[in-house]
Amino acid sequence: MKFLESLLNKVFKKKIKQFNIKEVFTPSTSAKLTFVERKDIDSQINKALLIPGMQLVVYGHSGSGKTTIIQNILSSKTKRYIVTNCILDTSIGEIILDAFDKLNPYYTSEKTEKDTAKIGLDLKSSYLTLESTIKSELTYEYAEKKQRLLPTQLTPQRLAEFLGAAEVTWIIEDFHKVAIAERQKLSQILKIFVDVSNRYPGSKTIAIGAVGTAREIVNYDSELNNRIAEIHVPLMSNGELEDIMIKGENLLNVDFEPKVHKDIIQFSSSLASICHHLCFSMCYSNGVTDTQLVKRVFKPEDLRGAILDYLKQNSDSFKETLDRALKSRDGNFDKTKPILSAFCISSKQELSKDDILNYKNNKNLYGKKVIQYLNLLTTVDYGEIIRFDENSGMYFFSNPFLKAYASMQFSEDEKHNKPIQLQQAREQARMEEVYSILKRMYFEQGETKMRARRIPPNKIPNRKSAGK
Ligand SMILES: Nc1ncnc2c1ncn2[C@@H]1O[C@H](COP(=O)(O)OP(=O)(O)OP(=O)(O)O)[C@@H](O)[C@H]1O
Ligand SMILES: [Mg+2]
């Protein structure tokens, strides 16, 4: 790569920097080269980071860009940070232990004081003593899972001091997944962090969760009201998605025709990860893996393969989301399918509450409760399969691919026995079917009314707190 770069520079007598597609389009990691600044959110985060003692709770729809924006801002300030990832049964004790472990390099590093924060000798030796206590503690087996014991000396207060002295910001990712009882303990921890910040003003915790309100992440007391910045990261606007593509095109020296831009924006449905994925696949399947010497133009036909590729790669997650949305919670009748069927059958992309009630027997099935079910379908617990636009009062599928997948699934449910034996051939046929539904729904109906929108944080319907 370096050789090619210098050769190109010699031939063209100007600097042509080479980039690889995997650094440019990042569907499953935080974007760096194509990172698009979001001024309003950036300034809220910067302000909260600057105010001594202020802790942050960052929330918003899954895939809205929470992790990316936090990591880019912290990196641009060359701030040190550690990340604790939560899963469904993570306990507060495990979260504390994880942060303690990740602090290790800052307390054992041989680097000069210039590179590391000035940590007092007593705190350093306290850290090391605690570390050896934890190492020597016996683990115990509980419900087939080995758990480490949290030593009594490792209190949240102590952890706050360790973090504060090392000037390390603590990011707690996916905190909404933690059980409610455990989540309540975090508000106590944040209180301790605020208190400790008198001695360590830069000490920060950033709790991140894919939910509709900050209170679903941490339900704190009013005394913390002015000490916690609630930052909402909305889904991306069309302009922001366009900026990702423009940055990527410049880096790879490619050109997506205007219709390709438009189609990608529409299919992305405000989710940057889909935009990155489609751009990546389109370039990759057309042999573009590095910066091009001669500008390469992409036409709408080139997008077809990328869409099919996206469908194939995500069919498991579509299935999982649909299963979650359809799952009967009380063992009785499958209450959400008739609503989702109304969307799949309709030629419109957005439906009102009345449109849904007018479908088949829905009026009798739901009556006034239809709003309740629609709201549930916008929650993490139901896979956020439906979104609501507060301004128009309309509901719509959160992702066009999911809608096409659900349509295929529902029609397959009715057909039952499909005479396809080979699993692979069956999967290919299923995805081709989803693609043709998608084409019918979105390409062949001329202009569609789907728009990217920003849902004001306080306007998102109440979401049930549960794991993603
Ligand atoms: N500002 C941005 N500029 C460019 N790409 C972005 C930006 N923000 C997010 N992305 C891209 O969008 C995708 C999702 O971003 P990210 O993982 O940060 O979302 P998230 O809100 O943390 O999602 P989750 O709640 O599921 O963890 C990634 O592919 C990332 O590269
Ligand atoms: Mg994230």
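Me: Hi! At what angle do α12 and helix α13 pack?
Reply: In this predicted model, α12 and α13 (residues 300–326) pack at an angle of about 120 degrees, with their axes 8 Å apart. That makes α12 oblique to α13. Axes are lines fitted to C-alpha atoms, for helices over the stretch in contact, and angles run from 0 to 180 degrees between N-to-C directions. Angles under 35 degrees count as roughly parallel, over 145 as roughly antiparallel, 65 to 115 as roughly perpendicular and the rest as oblique.

Me: How are residues and chains labelled, and which pLDDT limits apply?
Reply: Residues are numbered from 1 along each chain as its sequence is written, while chains are lettered from A and ligands numbered from 1 in the order in which they are written. This is a predicted model, where local features need pLDDT of at least 70 and side-chain atom pairs count only at pLDDT 80 or more, but totals for chains, interfaces and linings use all residues.

Me: Thanks. Which residues make the α12 and α13 contact?
Reply: On α12 they are H277, L278, S281, M282 and S285, and on α13 D302, L303, G305, A306, I307, D309 and Y310. Contact here has C-beta atoms, placed from the backbone, within 7 Å. The contact divides into six nonpolar, four polar and two charged residues. Ala, Val, Leu, Ile, Met, Phe, Trp, Tyr, Cys and Pro count as nonpolar, Asp, Glu, Lys and Arg as charged, and the others, Gly among them, as polar.

Me: And α10 against α12, at what angle do the axes cross?
Reply: Roughly 30 degrees, with the axes of α10 (residues 238–252) and α12 coming within 10 Å. That makes α10 roughly parallel to α12. L241, I244, M245, G248 and L252 of α10 contact A272, C275, H276, C279 and C283 of α12. By class, that contact has eight nonpolar, two polar and no charged residues.

Me: Switching to ligand 1, which residues come nearest?
Reply: A31, G65, T67, T68 and A272 come nearest, out of 22 residues around ligand 1. A residue is near a molecule if its C-beta atom, placed from the backbone, lies within 6 Å of it.

Me: Which elements give two or more residues to that shell?
Reply: They are α4 (66–76) and α12 (272–285). α4 gives the most, with four residues. Helices like these are DSSP runs (H or I, at least four residues), strands are E runs of at least two, and both are numbered from the N terminus. By class, the shell has eight nonpolar, 12 polar and two charged residues.

Me: How many helices and strands does the chain have?
Reply: The chain comes to 19 helices and 12 strands. Buried residues make up 37% of its 468 residues.

Me: What does G53 touch?
Reply: Not counting residues up to four places away in sequence, G53 touches V194, S197, P201 and R227. G53 and S197 are 144 residues apart in sequence, but 4.9 Å apart in space, C-alpha to C-alpha.

Definitions and conventions
Buried ≥ 20, exposed ≤ 12 C-beta atoms within 10 Å, placed from the backbone. Contact = placed C-beta atoms within 7 Å.
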